[in-house]
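Please prepare a short briefing on the structure below. Group the points by topic and keep the wording plain.

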Amino acid sequence: MMSLASSTSGVENSVNIHRPRRLRRTAALRRLVQETRLTVDDLIYPLFVMEGEAQKQEIPSMPGCYRYTLDLLLAEIADAYNLGINAIALFPLIPSEKKDNFGVESYNRDGMVQRTIRAIKKEIPEIAVISDVALDPYSVYGHDGIVQDGQILNDETVEVLVKMALSQAEAGVDFVAPSDMMDGRVGAIRKALDTQGYINVGILAYSAKYASAYYGPFRDALESAPQFGDKKTYQMDYANAAEAIKEVHLDIVEGADMVMVKPALAYLDIIRRLREYTHLPVVAYNVSGEYAMIKAAAQQGWIDEKKVIWETLTSMKRAGADAIVTYFAKEVALMLHS
Ligand code: PBG
């Protein structure tokens, strides 16, 4: 057996002046050198709104997430705001009788999203309201564009998206977020907003949005699953990274104020690339499937939910995200307060 003396002298002989563990020895030192910190300021809280009064419905594939009627949604937003959350993203559940192929309901001045934006801006004007611009919640086909002969039309869809964005701007939204992946939509929306006097309404472009199986629970929430085919002719192939740079480049040239990567967890490399490519804020969308996976494993008792949430969201910031859209926003805010 080796004696203590001989092992110590062995260490002395090796030139081991670098000991990274010195910085990890105590909690105080670890805090001092922590490089990335998740704060409530980083969070955007996505919320589902539906018609009716005094109701909330839990989404089965997203335990802990609800669709709210406007009255209860306002209470939820006030709650979130009081916890320090500064921004929300709105998604509507549109009744099937209001869906068509052209998304006409999407630019109804008295549509659900437009009424919701007005009500939030009246009750809690300080919170940043971001509204989604895409046809899928309004489409009988569950696609993000107008369908003709099984194809998704680009330029005709952009015309509808422009009307949708304008009606949301008129209702008082802070940022519109085109999530449709039609070509040229950011430029068309920017031009229309500017010519109509909405120079201060910003655009958060879903620039690198991938055709992902992680959106399943969200489509349950909005009853918006595609009725035929998939979204691969407009959303990106998850095998591609350089293409994300092309998309972001175009969106920046067309006038985006912030760019988004979606989903987030399986795309941390894309977040990092965009962070290095642009000086615009980069937003990561921690999508419904990512949420569902953590919830399901936690419900089984297989992982520690809070720790996994924290680690997951911190990794997105470490990768380079300035802000994160996450269904965990309120839980994170509560953890920060406890
Ligand atoms: C719609 C849209 C989707 C999501 C956000 N906006 C679904 C899709 O593109 O099919 C997904 C969000 C999530 O999964 O949390 N354009």
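The face of α8 turned away from its buried side carries the exposed residues Ala-242 and Val-253. This is a predicted model, in which local features need pLDDT of at least 70, side-chain atom pairs count only at pLDDT 80 or more, and totals for chains, interfaces and linings use all residues. Residues are numbered from 1 along each chain as its sequence is written. Helices (H or I, at least four residues) and strands (E, at least two) are DSSP runs, numbered from the N terminus. A residue is buried if 20 or more other C-beta atoms lie within 10 Å of its own, exposed if 12 or fewer, and partly exposed in between, with C-beta atoms placed from the backbone.

**Helix α8**

- The buried residues in α8 are Ala-244, Glu-247, Val-248 and Asp-251.
- Seen down the axis of α8, these buried residues fall within an arc of 95 degrees (taken from the directions from the helix axis to the C-beta atoms), so they line one face of the helix.
- An α-helix has 3.6 residues a turn, so residues three or four places apart point the same way.
- The buried residues of α8 pack against α6 (185-195), β9 (202-209), β10 and α9.
- With 13 residues, α8 reaches 19 Å from its first C-alpha to its last, close to the expected 18 Å (1.5 Å times one less than the number of residues).

**Positive phi outside glycine**

- Ala-54, a residue other than glycine, has a positive phi near 55 degrees.
- Ala-54 is found in the loop between β1 (43-50) and β2 (56-59), and is exposed, with 8 other C-beta atoms within 10 Å.
- Glu-223, also a residue other than glycine, has a positive phi near 50 degrees.
- Glu-223 is found in the loop between α7 (216-222) and α8 (242-254), and is partly exposed, with 14 other C-beta atoms within 10 Å.

**Cis peptide bond**

- The peptide bond from Lys-262 to Pro-263 is cis, with omega near -10 degrees.
- Pro-263 lies in the loop between β10 (258-262) and α9 (268-277).

**Thr-157**

- Thr-157 is in helix α5 (residues 155-171) and counts as buried because it has 25 C-beta neighbours inside 10 Å.
- Beyond its neighbours within four places in sequence, Thr-157 is in contact with Leu-135, Gly-145, Ile-146, Ile-152, Asp-180 and Met-182 (contact: C-beta atoms, placed from the backbone, within 7 Å).
- Thr-157 and Leu-135 are 22 residues apart along the chain, and their C-alpha atoms are separated by 8.1 Å.

How values were computed. Contact = placed C-beta atoms within 7 Å.
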